[in-house]
Amino acid sequence: MSPAWWHWVASTDSLTARLIEAADGDFRVRLLAQCLTRPRRDEALALAVSPSHYVWCREVALCAGERPWVMARSVAPLDALNGQRLGQLGDRSLGSWLFRQPDLERGPISVTAASPCALPCLWGRRSEFRHGRFRVLVQEFFTARMADELGLPSR
């Protein structure tokens, strides 16, 4: 991975804040889906839950203007929601809420070149966030469009 990509993929601060800066403030979250569903097999393994149990799932596009730069999928076990009303986020980023939590802990970042996205994505990452009893697996996939518009290498 190039150093330019490593700067994006390995960062532990708020991706939302980085995207807002890179897009010169022309940033928005497009909610694609939010529902209760069963986790994908890899998500169930990462969260140590049964693939047959339902989870809260949210998929969004993080956009510079109308252009998707990052596709994100967040998954939380229902028993770990701990009363959080994440369904009310709407077009706000989950990160904008997460990074305001004073006791937020982030697990290790896993990096992948594989992507489940419909758009061409070059790199992906995921990590588990914890806030008290609340926990969520956040998965982010960086699009080829972002690479083109920011002058990042194709790999």
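Where is the place of Ser2? Ser2 sits in the segment before α1; helices here are DSSP runs of H or I with at least four residues, strands are DSSP runs of E with at least two, and both are numbered from the N terminus. The structure is a predicted model, in which local features need pLDDT of at least 70 and side-chain atom pairs count only at pLDDT 80 or more, while totals for chains, interfaces and linings use all residues. Residues are numbered from 1 along each chain as its sequence is written, and side-chain values use heavy atoms, with hydrogens and water left out.

With a relative accessible area of 15%, Ser2 is buried (buried means under 20% relative accessible area, exposed over 50% and partly exposed in between, with a 1.4 Å probe and protein chains only). Leaving aside residues up to four places away in sequence, Ser2 touches Pro153 and Arg155, where contact means heavy atoms within 4.5 Å.

We turn next to the aromatic rings. Rings of Phe, Tyr and Trp (its six-membered ring) pair if their centres lie within 6.5 Å; planes under 30 degrees apart count as stacked, over 60 as edge-to-face and the rest as tilted. The count by this rule comes to three aromatic pairs. In one of them, the ring centres of Trp5 and Phe142 lie 5.8 Å apart with the planes at 70 degrees, so this pair is edge-to-face. Trp5 belongs to helix α1 (residues 3-9) and Phe142 to strand β7 (residues 134-143), so the pair links distant parts of the chain, 137 residues apart. Trp5 and Phe142 are both buried. Trp97 and Phe134 also form an edge-to-face pair, because their ring centres are 5.3 Å apart and their planes stand at 85 degrees. Here helix α4 (residues 94-98) supplies Trp97 and strand β7 supplies Phe134, so parts 37 residues apart in sequence are tied together. Trp97 and Phe134 are buried as well.

Strand β6 (residues 121-131) is mostly covered, with nine of its 11 residues buried. Two strands pair if DSSP finds at least two bridges between them. Strand β4 (residues 105-106) runs antiparallel to β6 and is joined to it by two bridges, with Arg106 opposite Phe129 in β6. Strand β5 (residues 110-112) is also antiparallel to β6, through three bridges, and Val111 stands opposite Arg125. Between β6 and β7, again antiparallel, there are 10 bridges; here Arg125 stands opposite Glu140 in β7. The hairpin of β6 and β7 has two residues between the strands, and Gly132 takes a positive phi near 65 degrees there.
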